[in-house]
Amino acid sequence: MEAEVIKAELVLPTHMSFKRIQMYEKYPKGQSKVRWKQLKQILQAENCQSYSPDEPNYVNIESPPSMQPCKRICDITGFEAPYHDPRTNLRYANADVFKLVRSLPNEYVQRYLALRKAAVVLR
Amino acid sequence: MPFISKIQRQTDYNRFPPSTPIVIDNGASYFRIGWAGETEPRVIFRNIVQRPRHKSTGETVTIVGDHDPALLKYFDCTRSGPRSAFDSNVVFQFSTLHLIGWVQMDHGYIDKFTALIRSASACVEQIDHPILITECVCNPVYSRSKMAELLFETYGVRSVAFGVDAVFSYKYNQLHGICEKDGLAICPGFTTTHVIPFVDGEPVYKGCCRTNIGGYHITDYLKQLLSLKYPHHMARFTWEKVEDLKMEHCYIAPDYALEAQLFQKGGKEAEDKTRCWQLPWVPLPTEEPPSEEEIARKAAIRERQGQRLREMAEAKRSSRINELENQLHGLEFLLQQLGQVQEEDIPSFLSETGYASKQEIELTLTKVTQSLRKAKGEPKPEQAEHEEKADSCTSDKYPLINVPDNMLTPDQLKEKKRQIFLKTTTEGRQRAKQKRVEEELERERKTQQDEERRLENPQLYLEQMHTKYKELYEKIELRKRLKTNGGHTNGSNSGGVGRGERLNAAQRERMRLLTTAAFDRGKGEDTFGAKDEDWQLYKLMGKDNDDDDDGADEDEAELARVSSRLQEIDPTFVPKLEPTVSQPTITEVPHVRPLTKEDFQIVLGVERFRCPEILFHPNLVGIDQVGLDEMTGVSIRRLPSKDKALENRLTSSVFMTGGCSLFPGINERLEAGIQMLRPCGSPIKVARALDPVLDAWRGASLYAANSRFHQQTFSRADYYEKGEDWLRRYQVRYTL
């Protein structure tokens, strides 16, 4: 290893005397991958429904949808958007932006839509 | 400047007795670790792990935190980018070789910390210190137990305590008089935003609420917006850079709509608020326009070259004329000689010259004279006269035509056929000529009529001509456009018809025919071509543009006539440029603008407040949850006691901590937002933490330094004895 790298202590040593179980012992090389649970799986395993609803848990402290009317802003400029283009589904503020919207390639349209999770997702 | 973890080797690890707890603020963005009782954490680094491959040795190594990017050149990072172990503030990955662990307690954090803490000489065999580590509100028990397991099993830690970072921050600031014992802690963090109500100095988790939005989303939004706005500079927008931009330039608008209108209208105020990031740019060396001399020199060269070409052409022409004249003389001489030679000697005489008969010589002679005339550039009419002269002696020229076939020998029959052919062609030519003459006359007559009309009423005539010209011009123009447009779609062939590109009528018809041919035959096997009628299709298709081409030619001729006439009588008339000439010059040479300084500027206008706005309206990025201001209302509603006085006490001590509360203007906005939710006249006070980023660690450090801290920890024995359900309910008391 290069002297620079060693000096910066960039890389963690593989063996550390204060550890009871070393990393290489816990996860020996070549063994099947350890799959970590994703948050969704953790929450499922948590079985929150079985707890009493009065008790706070990770799921039920989530905030509800907003009561205020949804704010509509132009996807491209960020101005208030009174209009909506039925072809691309983009919101736009004025005629100039509309021209731009219509000239956008589909890839960009989808990326703009993806910003507010409105893009077409193929599964 | 991007944050680079400043990690220094700690040399005083052995100075701390085993009773001194280690305090860890395990945040989603940064990891802070230090000793209880101190005011600053010892080590701070970004909570990410990378497992690149070392280029020269090929081994996979573990790198925790962020580093000087220059050092990463020794590693191959293509296989694994930096990863975080957090998903909505919950640690979900606990060390792995492949998935890259939860920035590895196992082999990241504590390792790093302790490895750095230990002095070079004294080797640490055992971590004796109790550990206080932060977690999110209502951490799932799985996450908690894994963390405890890790600490106990791998590190052999004696005792552990879990606490919530926002609460520690609140308590710390309560001590400094920023907030009261009853209040609301709002913590917009890296991936989530929490609101925690406090009653009597203790958090009431029942009144908690969490929206899954935070600094990460803001940075991501800004990054996406910028790369969509400046696709050419996409590579510039690295995560670190955009994070810097966000921290430096973003602010919360007091009223989004008003602020946006300000920018929409433009003007000075908007300009002042617009920030501009100039990317490194070196102006291209500008090409100086050529000097007069240069132009003159070039013109002279061109002229010389033209002259040479002309001379060459002239020389070629004269040589050809010479040649032809020689041939002509030769032929004439031959004919003269032939006249002198006896009739029966002709074949023997001609056999030397290569000609078969006298007629052949004459034919060649006429041909040569014609080419000579052509070469000399003399007009054709003489030829016509010549032909006419020839006509007069038709009967002499075609003696065999009127003789019946049965009276002729086979040779003569052949000759007769030839003569008939010659005669018909000559006659046809004559007829065409006749027609031309008639047309000429007709045209003359028309011009005369025109002239008369013009003389009658010059003004009206001129107007009529103009309108006619215009009509014709437009007609031709339209046809051309249709044609070229159609040609376009033909050219791009099967690439589909793009937006705005229409087929012309003929092509549409063809498409229709093709589709009917392809699909109208039902689902059976392809029988196209079995019937003879099928092939008629191609005839129909082949017609295409031919029909209107004749019309087009006529129109064009008419247009030329009208425009020349107009030029004659109207000195102001300027014929429109031929579109086929002018258009290509425009399209073929697209004006390539040289890149300027402005092309390398990243302008931050609306983005400055559009991105942080998602804290208040998560809707903007498609997260259907309440924003910061409404969260306070939700939180108060969720509290079990409906005590007006308590609610007023809560709103009069709203406290903000967490990295995202650093945006300028967030206090005012939040205050206004809460005002709208609360009854008129409610006391509202919003305060920001002394240091929204580090106060959580400081609070935790203070808490752990308390002599009664050990009552709140649990040991390994407790952990195994009491079981999961206990761990789920485990809660530290924050007031000691």
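This is a predicted model: local features need pLDDT of at least 70, side-chain atom pairs count only at pLDDT 80 or more; totals for chains, interfaces and linings use all residues.
From helix 3 of chain B, the contact takes in Asp165(B), Ala166(B), Phe168(B), Ser169(B), Lys171(B), Tyr172(B) and Asn173(B). Facing them from helix 23 of chain B are Asp695(B), Ala696(B), Arg698(B), Gly699(B), Ala700(B), Leu702(B) and Tyr703(B). Coloured by class, the contact of these two helices shows seven nonpolar, three polar and four charged residues.

Next, select helix 20 (residues 628–638) of chain B and helix 22 (residues 666–677) of chain B. The two axes come within 8 Å and cross at roughly 45°. That angle makes helix 20 of chain B oblique to helix 22 of chain B. The crossing of this pair is right-handed. On the helix 20 side of chain B, look for Leu628(B), Asp629(B), Glu630(B), Thr632(B) and Gly633(B); they meet Leu670(B), Gly673(B), Ile674(B) and Leu677(B) of helix 22 of chain B. Four nonpolar, three polar and two charged residues make up the contact of helix 20 with helix 22 of chain B.

Now turn to a sheet in chain B. It is an open sheet of six strands in the order 3-2-1-10-11-20, and its pairing is mixed. Select strand 3 (43–46) and strand 20 (714–715) of chain B to find the edges. Each of these has a single partner strand, so one side of each is left without a neighbour in the sheet. Within the sheet, pick strand 10 (residues 131–135) and strand 11 (residues 159–164) of chain B, which run parallel and are joined by five bridges.

The following stop brings in both chains. Select helix 3 (residues 39–46) of chain A together with helix 2 (residues 141–154) of chain B; they pack at about 105°, with axes 8 Å apart. That makes helix 3 of chain A roughly perpendicular to helix 2 of chain B. Ile42(A), Ala45(A) and Glu46(A) meet Val141(B), Tyr142(B) and Ser143(B) here.

Finish in chain A with residues 72–101, which an unreviewed UniProt entry annotates as "domain: Vps72/YL1 C-terminal". The span is 23% helix and 13% strand, and its end C-alpha atoms lie 16 Å apart.

Technical notes: Residues are numbered from 1 along each chain as its sequence is written. Chains are lettered from A and ligands numbered from 1 in the order in which they are written. Axes are lines fitted to C-alpha atoms, for helices over the stretch in contact, and angles run from 0 to 180 degrees between N-to-C directions. Helices (H or I, at least four residues) and strands (E, at least two) are DSSP runs, numbered from the N terminus. Angles under 35 degrees count as roughly parallel, over 145 as roughly antiparallel, 65 to 115 as roughly perpendicular and the rest as oblique. A crossing is left-handed if the near helix is turned anticlockwise from the far one by less than a right angle, and right-handed if clockwise. Two residues are in contact if their C-beta atoms, placed from the backbone, lie within 7 Å. Ala, Val, Leu, Ile, Met, Phe, Trp, Tyr, Cys and Pro count as nonpolar, Asp, Glu, Lys and Arg as charged, and the others, Gly among them, as polar. Two strands pair if DSSP finds at least two bridges between them. UniProt positions are given in the numbering used here, feature names are shortened, and annotations may be inferred rather than shown by experiment.
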